[in-house]
Amino acid sequence: MICGIIERDDGIMASKIAAMIKEAQETNRRSVIQYGKISSGNSDAANIQNVVDGDVRDVKMVTPFGISSNPPSGLYAQMMENNGKYVCVGTHDPSAPKAGKGEVIIYNGNHSAYIKLCDDGTVEIKGTKINIG
């Protein structure tokens, strides 16, 4: 008897334990939030490279209501599994404009245009052409 389990010569117990370990490892792999780099895509879905699954194709981009964006290739993507499929729940741009405490900045990919909602109530708008109305 090992750890309360009766040894069996036919290997059934060993195969059951191996199957349980494999299932636990797979469950753990799926529950970990994956991190990768965007290789291509659009505002609906992206292809993302990560170290666990390689190139993950057609990852659904999930964003708050009213916001649509198409992150450029090379940005970092945070993915999680939902019903057996990956979804991208956020991106990280190391060169993003830095917002101060209480501020929000909406910016474009090359940082040439932005809208900044300042903590003091000021709204800054920068761009080469601004259309109102």
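Two strands count as paired if DSSP finds at least two bridges between them. Helices (H or I, at least four residues) and strands (E, at least two) are DSSP runs, numbered from the N terminus. What you see is a predicted model, so to speak of a local feature takes pLDDT of at least 70, side-chain atom pairs count only at pLDDT 80 or more, and totals for chains, interfaces and linings use all residues. Residues are numbered from 1 along each chain as its sequence is written, and side-chain values use heavy atoms, with hydrogens and water left out.

**View 1. The open sheet of β6, β7 and β8.** Here 3 strands make an open sheet in the order β6-β7-β8, with antiparallel pairing. β6 and β8 (123–126) sit at the edges with a single partner strand each, so one side of each has no neighbour in the sheet. From one strand to the next the twist averages 10° (axes are lines fitted to C-alpha atoms, for helices over the stretch in contact, and angles run from 0 to 180 degrees between N-to-C directions). β6 is joined to strand β7 (residues 114–117) by 4 bridges, and the two run antiparallel. Look for Ile105, which stands opposite Lys116 in β7.

**View 2. The barrel.** Zoom over to the 5 strands that close into a barrel, in the order β1-β2-β3-β5-β4, with mixed pairing. The twist in this case averages 55° from one strand to the next. Strand β1 (residues 34–41) pairs with strand β4 (residues 76–82) in the antiparallel sense, over 4 bridges. Gln34 has Met79 in β4 as its bridge partner.

**View 3. The largest nonpolar core.** A nonpolar core is a set of buried Ala, Val, Leu, Ile, Met, Phe, Trp, Tyr and Cys residues joined through side-chain atoms within 4.5 Å. Buried means under 20% relative accessible area, exposed over 50%, and partly exposed in between (1.4 Å probe, protein chains only). The largest such core holds 11 residues, among them Ile38, Val56, Met79, Tyr86 and Cys88. β2 (45–50), β3 (54–61), β4 and β5 are the elements that give two or more residues to this core. The largest share, 3 residues, comes from β3. Across the chain's 133 residues, 17% count as buried.

**View 4. The largest pocket.** On a 1 Å grid over the protein atoms alone, a pocket is an open set of points with protein on both sides within 12 Å along at least five of seven lines, and lining residues have an atom within 4 Å of a point. The largest pocket has a volume of about 760 Å³ (the space filled by probe spheres set on the points, which are joined across faces, edges and corners). It has 23 lining residues, and Ile67, Ser69, Pro71, Thr91 and Tyr107 are the closest to its centre. β5 (85–92) and β6 (104–107) each supply at least two residues of the lining, and β5 gives the most, with 5 residues.

**View 5. Two loop residues with positive phi.** Most residues other than glycine have a negative phi. Asn83, in the loop between β4 and β5, has a positive phi of about 55°. Asn83 counts as exposed, because its relative accessibility is 76%. His111 lies in the loop between β6 and β7, and its phi, near 65°, is positive too. With 23% relative accessibility, His111 counts as partly exposed.

Notes
1 Å grid on protein atoms, 1.4 Å probe; cavity = no way out; pocket = protein on both sides within 12 Å on 5 of 7 lines; lining within 4 Å.
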